[in-house]
Amino acid sequence: MTYTSPVPITDGHLYTGSSLELRGLTMAYGDIEVLRDVSLTVEPGTTTCIIGPSGSGKSTLLRGVNRLHEPSGGDVLLAGESVLRQKPDVVRRRIGLVFQHFNLFPDHTALENVALALRNVKRMSRAEANRIAHERLAEVGLAERADHRPRDLSGGQQQRVAIARALAMEPEVMLFDEATSALDPELVKGVLSLMAQLAQRGMTMLVVTHEMGFARRVADQVVFMDEGRVVEHGHPDDLFDRPQSPRLRRFLSEVL
Ligand SMILES: Nc1ncnc2c1ncn2[C@@H]1O[C@H](COP(=O)(O)OP(=O)(O)OP(=O)(O)O)[C@@H](O)[C@H]1O
Ligand SMILES: [Mg+2]
């Protein structure tokens, strides 16, 4: 499957993503440690895909990066600065997160869903917020759908609104957690194409995904996790074609 995008590149704008570095990150729920000493570096403007079995700690890792759940040890550096020493809402402005379930406000249009975040978080005027919301919706191929409510949009279009909303904050890094797994199969491709385009345009991205084709084609680096640890990481060709550990070989034989 190729990811030729249905979304026109509006203006050739390139993002200036920041580096993201996890150093010995450890996370727990109560007494149960679910992430153990995870270190990885995402270079600015590159995409890292995290793969691994259910329960291996992938979502927990993303929650630690943007402070939805506090790490119990280690550090997360954004552009070289510890996010643990910044206010959580500042961190969440700098690091965008797109979930499996898009969490749009059902009673607001696509435009309002994007603009509300700008008004509430960035304290923009209504006119300015609407102008930027229109731009971001155009960027995800939804210029014509700005006045639709979520129920009048497909799942894929709703997810693109959620991505536009995250992009409107001008994040330095984007995190995606299974962004396409709630979508009908025929809608997956459009969202993956948009994500591939963001990667091409220089966004720094950390993407948890079950889409191995996407990981192979788009990722600069793939990280395989199991039981809260990084088991293997490297170039997608190496991980997919020459897996070193028996655990990764078994995982790939189950998912490919
Ligand atoms: N809120 C929570 N409270 C207690 N334990 C949790 C909580 N969230 C996750 N866990 C546990 O932490 C471990 C890692 O979960 P996590 O959701 O990070 O895995 P995952 O790799 O994202 O899995 P999946 O592929 O199914 O989404 C699991 O054992 C899970 O049961
Ligand atoms: Mg998960």
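Which residues of H6 are buried? This tour of a predicted model begins with that helix.

**First selection: helix H6.** Select residues 185-200, which form helix H6. The buried residues of H6 are Val188, Lys189, Gly190, Val191, Leu192, Ser193, Leu194, Met195, Ala196, Gln197, Leu198 and Ala199. Because 12 of its 16 residues are buried, H6 is largely enclosed by the rest of the structure. From its first C-alpha to its last, H6 reaches 23 Å, close to the 22 Å expected at 1.5 Å a residue. After the helix comes Gly202, which has a positive phi, near 100°.

The largest nonpolar core holds 73 residues, of which Val114, Met195 and Leu206 touch the most other members. Helix H6 gives the most to this core, with 8 residues. Now centre the view on Leu206. Leaving aside neighbours within four places in sequence, Leu206 is in contact with Leu20, Val42, Thr48, Ile50, Leu62, Val65, Val173 and Leu175.

Show the residues around ligand 1: Tyr29, Val34, Gly52, Ser54, Gly55, Ser56, Gly57, Lys58, Ser59 and Thr60. By class, this shell has 2 nonpolar, 7 polar and 1 charged residues. Helix H1 (residues 58-65) gives the most to the shell, with 3 residues.

**Last selection: the annotated span.** An unreviewed UniProt entry places the feature "domain: ABC transporter" at residues 20-252. The end C-alpha atoms of this span lie 27 Å apart, and the span is 39% helix and 26% strand.

Methods: Residues are numbered from 1 along each chain as its sequence is written. Chains are lettered from A and ligands numbered from 1 in the order in which they are written. This is a predicted model: local features need pLDDT of at least 70, side-chain atom pairs count only at pLDDT 80 or more; totals for chains, interfaces and linings use all residues. A residue is near a molecule or strand if its C-beta atom, placed from the backbone, lies within 6 Å of it. Helices (H or I, at least four residues) and strands (E, at least two) are DSSP runs, numbered from the N terminus. Ala, Val, Leu, Ile, Met, Phe, Trp, Tyr, Cys and Pro count as nonpolar, Asp, Glu, Lys and Arg as charged, and the others, Gly among them, as polar. A nonpolar core is a set of buried Ala, Val, Leu, Ile, Met, Phe, Trp, Tyr and Cys residues joined through C-beta atoms within 7 Å. A residue is buried if 20 or more other C-beta atoms lie within 10 Å of its own, exposed if 12 or fewer, and partly exposed in between; C-beta atoms are placed from the backbone. Two residues are in contact if their C-beta atoms, placed from the backbone, lie within 7 Å. UniProt positions are given in the numbering used here, feature names are shortened, and annotations may be inferred rather than shown by experiment. The expected span of a helix is 1.5 Å times one less than its number of residues.
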